[in-house]
Amino acid sequence: MPVMTTPAGRTPIVRALVTGTPPHRTPQTAIREAARTLFPRMSQRQQMLDVFTNANIDTRFLARPLDWYLEPHDFADKNAVYVQETLALSERLTLGALQQANVAPADVDAVVFVSSTGISTPSLDATLMNRLGLNPHAVRLPLWGLGCAGGAAGLARAADLVRAGFQRVLLLAVELCSLTLVRNDESKSNFVGTGLFADGGAALLLTPDDGAGGLARLHGARSTLIPDSEDIMGWDVVGDGLKVRFSRDIPTLVRRMMRDNADEALRAAGWTRDDAAVFVVHPGGTKVIAAYEDALSLPPGALDASRETLRGYGNMSSATVLFVLQETLRRGAHGRGLLSAMGPGFSAEHVLIELP
């Protein structure tokens, strides 16, 4: 089965990691009250309103003030906000990552841009390169449609570029999930998405390991697509934009497949479960986190960084697992392990990491 591992002497490392959000910090309690206005019929059912409490989210960040979401906006309006705010956040994050890595914009020789919550052609990395003076000959790899798995997949592809000989690879994952809210659509998926989704992004700078140290070493990656599972998660395109589609069976799928899938990823690098001390997991929701813990037989506290990220930011799709990586580093974790996320397809993405 295809697995990407690291050639001798070309180990990719993360030199810089910067995360950020749009400016509109919004308490979960305020979003719940807004949902009462948006979805009056469903809000009469306490079981549905409990989604906001059971999500274990305190705060989320939004691309626009909360009142904006109570007004009607079609796909064109939402996508214009997506382009404007994604570029603004991407620019800030990129400058922060370059400064942290002490790399000049003109020295970036590859850009991986991950986003699935809006559309733009040319992809937004082209505009960003022009604005910031990035190398015009840099390889561009925009990734769309990977959803929550995009952060892990983008990290894996950025690492592949380092292995291929590129010296300074910029990875951006920016999502404005709040713009996928569909007003007055009282489907369960749309309502649950209102209780979970948020906006944010991450920028990373990857280089070959030159012995000077870094935030994390990347030793390989593994991708898995579950056949005939397209209905599990994704977007439906409607007049008001991108409408979320996801199945209640996701935690069940995690429990059923993740143990063997994670073990296969570890074996690809010659590692065993005993070698894995760190698990950086995308917090799709509290039930998904619990399913990972069960599937991997993790000890209490092993996924606290995932829970803390969910509590403070909500589900920001592809960017979230990179926030979890930052929180894991902040907590002083070290050793080998996996960075993992699942997303549309239905798919799983793993990156083998080593934290110094």
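Student: How far apart are the end C-alpha atoms of residues 218-353?

Tutor: The end C-alpha atoms of that span lie 5 Å apart, and residues 218-353 are 38% helix and 31% strand. Helices (H or I, at least four residues) and strands (E, at least two) are DSSP runs numbered from the N terminus. This is a predicted model in which local features need pLDDT of at least 70 and side-chain atom pairs count only at pLDDT 80 or more, while totals for chains, interfaces and linings use all residues. Residues are numbered from 1 along each chain as its sequence is written, and side-chain values use heavy atoms, with hydrogens and water left out.

Student: What does UniProt list for residues 218-353?

Tutor: An unreviewed UniProt entry lists "domain: Chalcone/stilbene synthase C-terminal" there. UniProt positions are given in the numbering used here, feature names are shortened, and annotations may be inferred rather than shown by experiment.

Student: And which residues does UniProt give for "domain: Chalcone/stilbene synthase N-terminal"?

Tutor: The unreviewed entry places that feature at residues 78-207. The end C-alpha atoms of residues 78-207 lie 35 Å apart, and the span is 43% helix and 21% strand.

Student: What does the domain assignment give?

Tutor: It gives domain 1 (12-208) and domain 2 (216-355), with bounds that come from an automatic or database domain assignment. Their C-alpha centres lie 17 Å apart.

Student: How many residues of each domain are in contact?

Tutor: Counting heavy atoms within 4.5 Å as contact, 60 residues of domain 1 touch 44 residues of domain 2. The area buried between the two domains is about 4100 Å², with carbon and sulfur atoms giving 65% of that area. Buried area is the accessible area (1.4 Å probe) that two parts lose on being put together, summed over both.

Student: Which residues of domain 1 lose the most area to domain 2?

Tutor: They are Leu 17, Phe 75 and Cys 148, together 14% of what that side buries.

Student: What about polar contacts across that interface?

Tutor: The rule finds 16 residue pairs in polar contact, both residues at pLDDT 80 or more. A polar contact is a pair of N or O atoms within 3.5 Å; within protein, one must be able to donate a hydrogen and the other to accept it, and residues adjacent in sequence count only if both atoms are side-chain atoms.

Student: Which element gives the most to the side of domain 1 that touches domain 2?

Tutor: H6 does, with 9 residues; helix H6 spans 150-163.

Student: How many salt bridges are there between the domains?

Tutor: The count between domain 1 and domain 2 is 1 salt bridge, defined as a side-chain nitrogen of Lys or Arg within 4 Å of a carboxyl oxygen of Asp or Glu. Asp 58 forms a salt bridge with Arg 311, their closest N and O atoms being 3.6 Å apart. The structure holds 17 salt bridges.

Student: Which residue pairs with Arg 64?

Tutor: Glu 85 does, with the closest N and O atoms 2.8 Å apart. Arg 64 is in the loop between E4 and H4, and Glu 85 is in helix H4, 21 residues apart.

Student: Changing topic, which peptide bond is cis?

Tutor: The bond from Thr 121 to Pro 122 is cis, with omega near 5°. Pro 122 lies in the loop between strand E5 (110-114) and helix H5 (124-132).
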